[in-house]
Amino acid sequence: MEQLLNRFVGNISPAALLVSSFFWSWLDVVVFGPAVFWAAGAEMLMEPMAVSFATSVVVLGIAAVSARLRQTLVSVRGFAALAFATGTGGTLLLFVGAAASSPLALIAAGVVVGVFEGVGIAVVGAVATCQGTTNALIHIAAALPMNIVIILLAVFLVPGASIVLIAALPLLSSLSFSVYLARAANRTSLAGVLRPVGPLPRRPSARPWGVNRTFLLVVLAVTAAFGMVNAQTIEVTGNGPFDAYSGLVVRAVVSAAVLVGYVRYSWRPQSIFSAALLIMAASLIVSAAAAVPAMQLLFLAGYVCFDLLIWALIVGMNHGSGVPVLRTVCVVQAVDQLGILLGTFIPWGGTPQVVAVANAGLGVVIMLLVMYLLLRDRGVVENLGGNDYGFAADDEAAGGSGPDERCAPLPLSGEPDASGMTLPTALDAIADRYFLSTREVDVLSLLVAGRSGPYIADHLCISANTVKTHIRHIYTKLDVHDRQELLDLVHTADSSAVPAQSGR
């Protein structure tokens, strides 16, 4: 149990998860939800939301080109000041504007709220991606289900208490961020997102923003569809909070399922990603032919999977591009916010026929992009099934120009190699990186030692079928297909593993 708990540090520690959870909760109830308007006794208007999305696109775009701004955002003082001035301040201004039915105050609130929307996305993205692809997925999947309690409190408390809670969420996020950065190791890992990671390209990168154009097109199409579905959902908010926030329940359930499936049952990220795109495309096309409310929830389930994996994709595709990770985060999320903004306008005042055509059109576009990714450009999908890219101390010290995070082959004997590592510590490093269970580590050690399936079953007192299941899970988590690939991976274990102690 202690070894398991020791894994949940860094960007999947409680403090890091609270940074994201408090921010996403604020975003859900202030930008995507009507809670502030309800507390003011007013009907939700779309104009402030549209303004906030446009503003966040501008903020993220500026952050993408300004290294100084990115550095300011991920500092304790910078994030705290912006959380207070734009997060809390924007929430209160929105409440006042809604209560007074003042169009000017509502537009101003949309601008201020949009600033914190962009700032928060950049900071949360930095925390989520600062320790590799595996931790990026786990961080988001674990943070999202925590929102439900906060959102329920914000929706069902009396108006005064509700506004106080909502306005405090940005401050709670910044406080959690300061607690997270109190740990020196966390400051070190977060600094990695401000500089290129992995070997610098020998020639100008074909990915000037750290990701390829196909991926940005996928993000734009999917988020436009989400914006459209979200706007349609808002139209039924008059039926009560359960209708307005039903999508959040779906998100929490799907996020928890993906977290358990990935960590415990070795679900392949690339399979989840492909299935999510297909589910969204199919649900949009079906909903265009017949207005089935369940199709909206099915689409949201697919979108959650996509939203969870987008952060791991950012890390994987950025690696070795020569572009700082946080810059890539800002670019991708600017496209994300732009897509939601465009999608929000599609059903805005449109007829049911227009909405149906838009659903079908976006469904077909997403389906075509899926086919292209699977048949012609597998780079996006393969980035989810490749190495778990992280941030090595050598890369940080060298400003990102150091070698890749791989070391010389390790000996299979008990003698340490030049880095001071032995096979047991190499296996420990692999177990920590890929979240292998204790029994999977036992099976892996025997596989590496050259033992057969029947020998492993007899030695560990388990059935042959159980051995096959463990081997399948190991191959899936490590993304290898045979024993030779497994041995190659063990022999190129991450050089950041803890050196062997004397006497071991």
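This is a predicted model: local features need pLDDT of at least 70, side-chain atom pairs count only at pLDDT 80 or more; totals for chains, interfaces and linings use all residues.
I number residues from 1 along each chain as its sequence is written, and side-chain values use heavy atoms, without hydrogens and water. Local features need pLDDT of at least 70 and side-chain atom pairs 80 or more, while totals for chains, interfaces and linings use all residues.

**Ser25.** I looked up Ser25 and found its place in helix α2 (residues 14-32). Helices here are DSSP runs of H or I, at least four residues, numbered from the N terminus. Ser25 has a relative accessible area of 0%, so I noted it as buried (under 20%, 1.4 Å probe, protein chains only). Leaving aside neighbours within four places in sequence, Ser25 is in contact (heavy atoms within 4.5 Å) with Asn147, Ile150, Ile151 and Leu169.

**α9 and α10.** Next I checked helix α9 (residues 147-156) against helix α10 (residues 159-181). Their axes, lines fitted to C-alpha atoms over the stretch in contact, come within 7 Å and cross at roughly 140°. Angles run from 0 to 180 degrees between N-to-C directions. I therefore call α9 and α10 oblique to each other; that word covers what is left after under 35 degrees (roughly parallel), over 145 (roughly antiparallel) and 65 to 115 (roughly perpendicular). Which residues of α9 and α10 meet? Ile150, Leu153 and Ala154 in α9 meet Ser162, Leu165, Ile166 and Leu169 in α10.

**α7.** Last, I took helix α7 (residues 103-129). Its 27 residues should span 39 Å at 1.5 Å a residue, and the end C-alpha atoms are 38 Å apart, which agrees. The expected span is 1.5 Å times one less than the number of residues. I noted 20 of the 27 residues of α7 as buried, so α7 is largely enclosed by the rest of the structure.

Note on methods
Helices (H or I, at least four residues) and strands (E, at least two) are DSSP runs, numbered from the N terminus. Buried means under 20% relative accessible area, exposed over 50%, partly exposed in between (1.4 Å probe, protein chains only).
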